[in-house]
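I opened my notebook for a new structure today.

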Amino acid sequence: LIKTEIMQAVKVQINFSEWEKVGDFISEMNVDEDMVAYAIDNTTIVIATAGECSMAYAKAQLETWFNDPIIETIK
């Protein structure tokens with residue numbers, strides 16, 4: 001039986017005052033083989049995951065790392 005995950009993606013806007021955290025956050029997220037994070041600029045991040053559990057984890061981490069991130073579902 002092959003388990004298939006549905007890809008999910010979000011675009012995240014953070015406060016400019018927190019831009020120094022972006023690089024470390026992305027490095028932390030990219031350790032997980034079920035997700036990829038990429039910085040568009042100093043305050044915009046795109047995260048894609050292979051399924052709901054990974055996305056839930058990514059969103060929880062966003063809330064931990066950043067104050068009031070704006071999370072927009074892309075897919």
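Below are my entries on the sheet, a loop residue and the helices.

**Ground rules.** I'm looking at a predicted model, where local features need pLDDT of at least 70, side-chain atom pairs count only at pLDDT 80 or more, and totals for chains, interfaces and linings use all residues. Residues are numbered from 1 along each chain as its sequence is written, and side-chain values use heavy atoms, with hydrogens and water left out.

**The sheet.** I started with the strands (DSSP runs of E, at least two residues, numbered from the N terminus). I reminded myself that strands of a sheet pair through backbone hydrogen bonds, either parallel or antiparallel. Here I found an open sheet of four strands in the order 2-3-1-4, with antiparallel pairing. Two strands count as paired if DSSP finds at least two bridges between them. Strand 2 and strand 4 (70–73) are at the edges with a single partner strand each, so one side of each has no neighbour in the sheet. From one strand to the next, the twist averages 20°.

**Pairings of strand 1.** I looked up strand 1 (residues 7–13) next: it pairs with strand 3 in the antiparallel sense over seven bridges. Valine 12 has isoleucine 45 in strand 3 as its bridge partner. Strand 1 also pairs with strand 4, again antiparallel, over four bridges. There, valine 10 has threonine 73 as its bridge partner.

**A loop residue.** Is threonine 43 buried or exposed? I first placed threonine 43 in the loop between strand 2 (35–41) and strand 3 (44–50). It turns out to be buried, with a relative accessible area of 16% (buried is under 20%, exposed over 50%, partly exposed in between, with a 1.4 Å probe and protein chains only). Leaving out residues up to four places away in sequence, threonine 43 touches Val12, Gln13, Ile14, Asn15 and Phe16 (contact means heavy atoms within 4.5 Å).

**The helices.** Helices are DSSP runs of H or I, at least four residues. The axes of helix 1 (residues 22–29) and helix 2 (residues 52–65) come within 12 Å and cross at roughly 155°. I noted that axes are lines fitted to C-alpha atoms, for helices over the stretch in contact, with angles from 0 to 180 degrees between N-to-C directions. That makes helix 1 roughly antiparallel to helix 2 (angles over 145 degrees count as roughly antiparallel, under 35 as roughly parallel, 65 to 115 as roughly perpendicular and the rest as oblique). I also saw that helix 1 lies across strand 2 and strand 3, running at about 160° to strand 2.
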